[in-house]
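The exercises below go through one protein model, from its domains to its helix pairs and its ligand. Try each task before reading the solution that follows it.

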Amino acid sequence: MKFMNDFKYLKPSFKKIAPQIFTILIIVVLLSLCALVPPYYSKLIFDDGVVGKDEGKILLYGGLAILFFFISLVLEFLSKTLFTITSNRFIVDVKGNVLNRLMIMPMAFFDTKQSGYLHSRINEVNSLSAMFSPTIFSFISSIIQFTGAFIIMFNISKTITFIMLCFIPVFYLIASQMSKALKRSSRQLMEMNAKTSGNLQESISSISDLKQFNSQEKNSKKLIKQFQDVAKKRILQSIFLSVGTQLLKFFSSAAGIIVLIISGIFIVKGELSLGDYVALAGYSGMLFVPVQLFGTFSLTIQPALVSLSRLRVIFDNKTEEELWGKKEFKGIENKIEFKNISFAYKDEEENIIKNVFDNINFKIEKGKCFSLFGRNGTGKSTLMKLLLGFYPDYTGKILIDGVELHDYDINSVREKIGIVSQSIMLFSGTAYENLNIAKDGLTAEELNHAWKISGCSNLFKEDMRNIMIIEGGKNLSGGQKQAIAIARCLLKNSDIIIFDEATAHLDVNTKDIVIDSFVNYFQGKTRVIISHDKELDSISDKSFAL
Ligand SMILES: Nc1ncnc2c1ncn2[C@@H]1O[C@H](COP(=O)(O)OP(=O)(O)O)[C@@H](O)[C@H]1O
Ligand SMILES: [Mg+2]
């Protein structure tokens, strides 16, 4: 039972809803007991009322049966409502946990997966609500009813009870076959869905390149083929389900008729009363409900179990917290040393996809401006990503003031580093809002100052509050994006500043403003300039070529 192990991911969320589940269970037990009463009253109506010709008894037992029906109805309403509330709370909680965990996964985890794929993985959590489906709740009550019905029936007629029990393996066989097949196909369906949504998201975000290469149509064809494959699988699944459900219905009706036939013969022989038949007919259905539900139960719960096992990807991979140490980084005191650093990018199966560098050695000293030079693809950006702790599995040592990076709480290191990266992502909203995420409580004066010395005022005519930015900054020019990123970095005012080809898209005029402020504004801070040209060499104290 591998899935039992997966329940550990849900334990914290289950704990929160434990009181509600307990209440639901009590209601379900009461409900099942109530359901056992009416068939018995029906028997009494026939045997004591009809046969005994006592109208008073007919009315009394009839009234009581109605009362119990009504109580069951109220209890059912209560339990279902409570179920819905609890299941929704539970799902939100699990989704939150999955999201929190996802956010602290290392970069290598994201490198190997499409974002749409992960998105769809989070949405799959919704399938977990099947754990709270009415089927589960009926399953519990049906077991109680089964026990009660069995005892009462056994007392009325051992033969009929025995014949009815013979049907149970048939129901079980159909149900278990259905659930096996469904488990297989739901896993395949979920994976297909996640992949398709990954591809879809990628197509939309790279639409301009698709258009430029005139390959929208080819791409759409590929996607539509994937939609069709998903649909085919769905149709097959649904046909299979229908056949199974119909078979189950057939056998339960057949069993009902068999009770009627045998009871009929027994009544003719005088071995059974009419009331006994009415009771047997009422209870015999209850014998099959658990097995029948067991079929639907495993069917309903299957998608939940599958999606639960798929959460392993997120819960079983190590998070950044687990990969890094606890020591808080309070700011650089002396130097950062890269000692015999080697690094390779790896895929999901840990196979090397790109050996970036071997045995690199250099030092970045406190308060100095250090520059890293090298052609495209030599690994300059990668070196800075290592410093930011994006990829923990390098060999060699990155020492900050003599302490290995792995011993630090990586968030405290990132906190002290300001970076203008090569691939700038701005958030949807105004430029003003984008600057404000740099630090809490920035004053208008600080914002305006940064706007000016980053070259933004040179590139934008509008007020920063009126500049709307769409999705990552796709409505801005490369240079404008860079200038905003530089302003944001200036405002964060970190201990260590990294400019990764931060001026590559700026015009000469703006570039001069930025370089000027880089020299003056960041004077005394530890600075790293990454560039593929030697133009910026003049402002650095020390350089290293890759
Ligand atoms: N996430 C990644 N997965 C695999 N390979 C990568 C990844 N990022 C960069 N690379 C490869 O690593 C090499 C170094 O990249 P990078 O550090 O960005 O170079 P630079 O900044 O010097 O231009 C390149 O060959 C690039 O193709
Ligand atoms: Mg780079």
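**Exercise 1: Domains**

The domain assignment of the protein gives domain 1 (2-188 + 238-316) and domain 2 (335-545). The model is a predicted one. Task: state how far apart the C-alpha centres of domain 1 and domain 2 lie, and describe the contact between these domains.

Solution. 
- Step 1. The distance between the C-alpha centres of domain 1 and domain 2 is 58 Å.
- Step 2. Four residues of domain 1 and six residues of domain 2 make up the contact.
- Step 3. On the side of domain 1 that touches domain 2, three residues are nonpolar, one is polar and none is charged.

**Exercise 2: Helices H2 and H3**

Solution. 
- Step 1. The contact of H2 with H3 consists of 29 nonpolar, ten polar and six charged residues.

**Exercise 3: Helices H5 and H7**

Task: classify the packing of helix H5 (residues 115-123) and helix H7 (residues 158-205), then say which residues make the contact.

Solution. 
- Step 1. The angle between H5 and H7 is about 135 degrees, with 6 Å between their axes.
- Step 2. This angle makes H5 oblique to H7.
- Step 3. The crossing of H5 and H7 is right-handed.
- Step 4. H5 contributes Ser-115, Gly-116, Tyr-117, His-119, Ser-120 and Arg-121, while the residues from H7 include Asn-193, Lys-195, Gln-201 and Glu-202.
- Step 5. By type, the contact of H5 with H7 has three nonpolar, eight polar and three charged residues.

**Exercise 4: Helices H16 and H18**

Solution. 
- Step 1. H16 crosses H18 in a right-handed way.
- Step 2. Glu-446, Ala-450, Trp-451 and Ile-453 of H16 meet Ala-487, Leu-490 and Leu-491 of H18.
- Step 3. Six residues of the contact of H16 with H18 are nonpolar, none is polar and one is charged.

**Exercise 5: Ligand 1**

Task: how many residues surround ligand 1, and which are the closest?

Solution. 
- Step 1. Ligand 1 is surrounded by 13 residues, the closest being Tyr-345, Gly-377, Lys-380, Ser-381 and Thr-382.
- Step 2. Strand S2 (352-365) and helix H13 (380-387) are the elements that give two or more residues to this shell.
- Step 3. The shell around ligand 1 divides into three nonpolar, seven polar and three charged residues.

Conventions. Residues are numbered from 1 along each chain as its sequence is written. Chains are lettered from A and ligands numbered from 1 in the order in which they are written. This is a predicted model: local features need pLDDT of at least 70, side-chain atom pairs count only at pLDDT 80 or more; totals for chains, interfaces and linings use all residues. A residue is near a molecule or strand if its C-beta atom, placed from the backbone, lies within 6 Å of it. Helices (H or I, at least four residues) and strands (E, at least two) are DSSP runs, numbered from the N terminus. Ala, Val, Leu, Ile, Met, Phe, Trp, Tyr, Cys and Pro count as nonpolar, Asp, Glu, Lys and Arg as charged, and the others, Gly among them, as polar. A crossing is left-handed if the near helix is turned anticlockwise from the far one by less than a right angle, and right-handed if clockwise. Two residues are in contact if their C-beta atoms, placed from the backbone, lie within 7 Å. Domain bounds come from an automatic or database domain assignment. Axes are lines fitted to C-alpha atoms, for helices over the stretch in contact, and angles run from 0 to 180 degrees between N-to-C directions. Angles under 35 degrees count as roughly parallel, over 145 as roughly antiparallel, 65 to 115 as roughly perpendicular and the rest as oblique.
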